[in-house]
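Have a look first, and then we'll start.

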Amino acid sequence: SLQPPQQQILPFILVGVPSLEAFPTCLDILFCSGYNITLVGNGVVLLVIGLDNSLRDPIHCFLGRLVVIDVVMVTSIVPRMLSMFWLNSTEIGYMACFVQMFLVHSTTSEESGVLLAMAVDHYVAICHPLKYQAILNRQTLAQIGLAIVVRALLFMVPLTGMVTNLPYCHSPMVPHSYCEHMAVVKLACADPRPSRLYSVAGSSLIVGMDMPFIAVSYGMMLKTVLGKKLCWKVFSTCGRHICVTLLYYIPGIASIYAQQFGSGISVHAQVLLADLYLTLPTMLNPIVYSMRTKQIHQAVLKML
């Protein structure tokens with residue numbers, strides 16, 4: 001009888017951006033610059049929130065959590081990418097690959113939850129201002145934070161188990177710049193479709209729950225303030241959150257479905273889209289909030 005193929009516990013080899021290996025300088029300048037801007041921008045926002053006692057309200061607590069998630073997300077991939085471009089260090093350990101995968105996918109799930117929580121904060125502040133402190137008290141904030149983390153774990157722990165239990169006996173070359181789930185499971189010599197379908201279904205469920213709730217909350221806010229004197233002020237206040245939400249969801253949805261169903265999309269385009277989906281929002285989020293939020297703008301100037 002035929003014996004099943006033996007699993008090889010070997011390092012994976014990251015290809016980078018397939019077909020663009022001849023342009024490492026352009027890519028490392030792009031991602032190194034973006035990473036530095038991300039660390040500086042998010043670091044300043046987090047420092048200001050931590051030092052300024054006037055920024056202790058729920059929205060800035062959510063913003064602080066968003067900053068931490070962004071830093072963890074981008075740090076889990078960009079330094080490894082830069083070592084690949086600069087030092088030609090393409091190997092990544094077997095377990096290190098799955099740890100990176102876990103961090104990337106769990107933080108993306110948590111970021112979606114934080115964006116929903118921020119939308120709820122805006123809804124309560126505008127539609128129920130007299131009950132704001134009672135509704136969003138410390139206990140509620142802690143429960144929301146715990147729910148965001150638990151949901152990410154409930155999504156990622158089964159997926160990580162499914163991926164790590166697959167036997168990897170094919171070439172260890174991962175056609176990606178980090179251990180992206182879809183790219184790694186293609187190397188398995190068993191059927192990877194269950195884990196791929198679980199990943200797409202789980203991501204679609206998270207996005208499918210969060211986006212409608214965000215849209216409904218803004219619809220109710222619009223109904224509350226329409227025709228009132230504070231209408232434009234409310235739009236200005238919520239505009240930054242809408243910008244950050246669009247920066248996260250549009251590239252994210254495009255990347256997920258391009259990886260799963262984009263057979264007509266070139267591999268290097270899929271890889272670049274996945275890379276930009278993780279790095280571009282984390283770089284622009286602090287810029288959007290520091291430029292559009294008067295309290296943070298003033299706190300930064302005060303700190304400087």
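A quick definition to begin: buried means under 20% relative accessible area, exposed means over 50%, and partly exposed is in between (1.4 Å probe, protein chains only). This is a predicted model, where local features need pLDDT of at least 70, side-chain atom pairs count only at pLDDT 80 or more, and totals for chains, interfaces and linings use all residues. Residues are numbered from 1 along each chain as its sequence is written, and side-chain values use heavy atoms, with hydrogens and water left out.

Q: What makes Tyr-94 and Tyr-168 an edge-to-face aromatic pair?
A: Rings of Phe, Tyr and Trp (its six-membered ring) pair if their centres lie within 6.5 Å; planes under 30 degrees apart count as stacked, over 60 as edge-to-face and the rest as tilted. Here the centres are 6.4 Å apart and the planes are at 75°, so both tests are passed. Tyr-168 is buried too, with a relative accessible area of 3%.

Q: Where do Tyr-248 and Tyr-277 lie?
A: Tyr-248 is in helix H9 (residues 231-261) and Tyr-277 in helix H10, so the pair ties together parts 29 residues apart in sequence. Helices (H or I, at least four residues) and strands (E, at least two) are DSSP runs, numbered from the N terminus.

Q: How do you know that Asn-285 and Asp-70 make a polar contact?
A: Their side chains are joined at 3.0 Å. A polar contact is a pair of N or O atoms within 3.5 Å; within protein, one must be able to donate a hydrogen and the other to accept it, and residues adjacent in sequence count only if both atoms are side-chain atoms. So 3.0 Å is inside the limit. Asn-285 lies in helix H10 (residues 267-292) and is buried, at 2% relative accessible area.

Q: Why do strands E2 and E3 count as edges of the sheet?
A: The open sheet of 3 strands runs in the order E2-E1-E3, with mixed pairing. E2 (91-92) and E3 (173-174) each have a single partner strand, so one side of each has no neighbour in the sheet.

Q: What makes E1 and E2 a pair?
A: Two strands pair if DSSP finds at least two bridges between them. E1 (residues 12-14) and E2 have 2 bridges, in the antiparallel sense, so they qualify.
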